[in-house]
Amino acid sequence: MTQPVAAFAGLGVSNPERILTNADFERMLDTSDSWIRERTGIRERHVAGPEQTTAMLARDASLAALAEAGMGPDDIDTIILATATPDRLLPSTACDLQALLGARNANAFDIGAACSGWIYGLVVGESMIAAGAAERLLVLGAEKLSAVVDYTDRSTAVLFGDGAGAVVLIRSDGARGILSSYLKSDGTLAELLWRPGGGTVHPPSEEMLKDHSYFIKMAGREVFKNAVRSMADAAARALERAGLVADEVDLLVPHQANIRIIEATAAHARIPMDRVYVNVDRYGNTSSASIPIALDEARRCGQLKPGMTVLLVTFGAGFTWGSLVLRW
Ligand code: COA
């Protein structure tokens, strides 16, 4: 059995209070509650207020994670923040978070791996611990997707929500922590899920505002097919690296994008749905924040218990995908 290098010392989340239901979308768009539930499994999603930024959501999640770890902001030496919705293009949202927390002893940087970002961040953090470059890290997924969703486009608007999740990552005692991981990307498929405008290729312009190219665009069917194929493959690879088989997984916590993607991934991985944690119905797709939010809920409702073997699997824009096996 693999010896873990890095483990969780605390986990915290932040979910904005405001909720957008499918009934709200029925009033805004040509859609229906039944269409949204049948195709996606989503009933409602949390949405940040106008003054609430990605860094603020990240701060609230960080403070909860630090409290559980019995640490303060000054104890943290590294902040890794995964986001697809940075508060500004420059500097990183991780630096904004550092300032909000007053984490004076930390280095801070963002990770851009879209929905897969938190898993990517954990692997980077684990590697820094293994290399002796860090000892006490905050690793976050934090998103304000409502700021980049086109609320006139029914094919994407109904899918996304806002939120943040944070863990304090420390050196493992050898019993609990990350047992294995697998990361993969395919940049040739970038245009299937992207925000074309606003960067250096198409800098902000009046045209950009008119054609909505600042917002998320997606080829839903293609994304769906790629997500199922890639998540199934990633699940198998992380298990193989940990020397485990599907029967030994106590809980699968997949990226919460769509109930049909989750069910197909679980079927490929040969893990029955009673060992899969699902909360996409109440949060929608919160991108990099979805897995830590699901983990936090799973432990609160008693589905995730100490000593369990947990498989995390994710997929996002890039395309990026990956997986991670944890001893909880
Ligand atoms: N309400 C009602 N109808 C809708 C709709 C909505 N919210 N969104 C799309 N439709 C319509 C389409 O316009 C289309 O109509 P048409 O046949 O008249 O052109 C029809 O529904 C079918 O669209 P299609 O895109 O083929 O549906 P689908 O079964 O593939 O479901 C998604 C659409 C987006 C739910 C699905 O493709 C999906 O979940 N993809 C993955 C998305 C995802 O998870 N992305 C993030 C990955 S990290």
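Reader: Let's start in β13. Which residue there is the bridge partner of Leu311?
Author: Val325 is the bridge partner of Leu311. Strands here are DSSP runs of E with at least two residues, helices are runs of H or I with at least four, and both are numbered from the N terminus.

Reader: What kind of model is this?
Author: The model is predicted, so local features need pLDDT of at least 70, side-chain atom pairs count only at pLDDT 80 or more, and totals for chains, interfaces and linings use all residues. Residues are numbered from 1 along each chain as its sequence is written, and side-chain values use heavy atoms, with hydrogens and water left out.

Reader: Back to the strands. In which sense do β12 and β13 pair, and over how many bridges?
Author: Antiparallel, over eight bridges. Two strands pair if DSSP finds at least two bridges between them.

Reader: What about the hairpin they form? Which residue takes a positive phi?
Author: Gly318, with phi near 140°. The hairpin of β12 and β13 has three residues between the strands.

Reader: What is the strand order of the sheet with β13 in it?
Author: The order is β8-β13-β12-β11, in an open sheet of four strands with mixed pairing. Its edge strands are β8 and β11 (251–254), and each pairs on one side only. The twist averages 15° from one strand to the next. Such angles run from 0 to 180 degrees between N-to-C directions, with axes as lines fitted to C-alpha atoms, for helices over the stretch in contact.

Reader: How do the other pairs run?
Author: β8 and β13 run antiparallel, joined by eight bridges. Lys184 stands opposite Trp321 in β13. β11 and β12 pair in the parallel sense over four bridges, and Val253 has Leu312 in β12 as its bridge partner.

Reader: Why is β13 largely enclosed?
Author: Eight of its eight residues are buried, so the rest of the structure largely encloses β13. Buried means under 20% relative accessible area, exposed over 50%, and partly exposed in between (1.4 Å probe, protein chains only).

Reader: Which residues of β13 point which way?
Author: Thr320, Gly322, Leu324 and Leu326 point one way, and Trp321, Ser323, Val325 and Arg327 the other.

Reader: New topic. Which residues touch the most other members of the largest nonpolar core?
Author: Phe25, Ile216, Leu252, Ile271, Leu311, Phe315 and Val325, out of 45 residues. Such a core is a set of buried Ala, Val, Leu, Ile, Met, Phe, Trp, Tyr and Cys residues joined through side-chain atoms within 4.5 Å.

Reader: Which element gives the most to this core?
Author: α8, with nine residues.

Reader: And how does α8 pack against α9?
Author: At an angle of about 35°, with the axes 9 Å apart. Phe224, Ala227 and Val228 are among the α8 residues in the contact, and Ile261 and Ala264 are among those of α9. Contact means heavy atoms within 4.5 Å.

Reader: What about the sheet with β1 in it? How many strands?
Author: Five, in the order β1-β7-β6-β4-β5, again open and with mixed pairing. β1 (6–14) and β5 (107–111) stand at the edges with a single partner strand each, so one side of each has no neighbour in the sheet.

Reader: Which helix packs on that sheet?
Author: Helix α3 (residues 54–69), which touches β1, β4 (78–82), β6 and β7. Its direction makes about 130° with that of β1.
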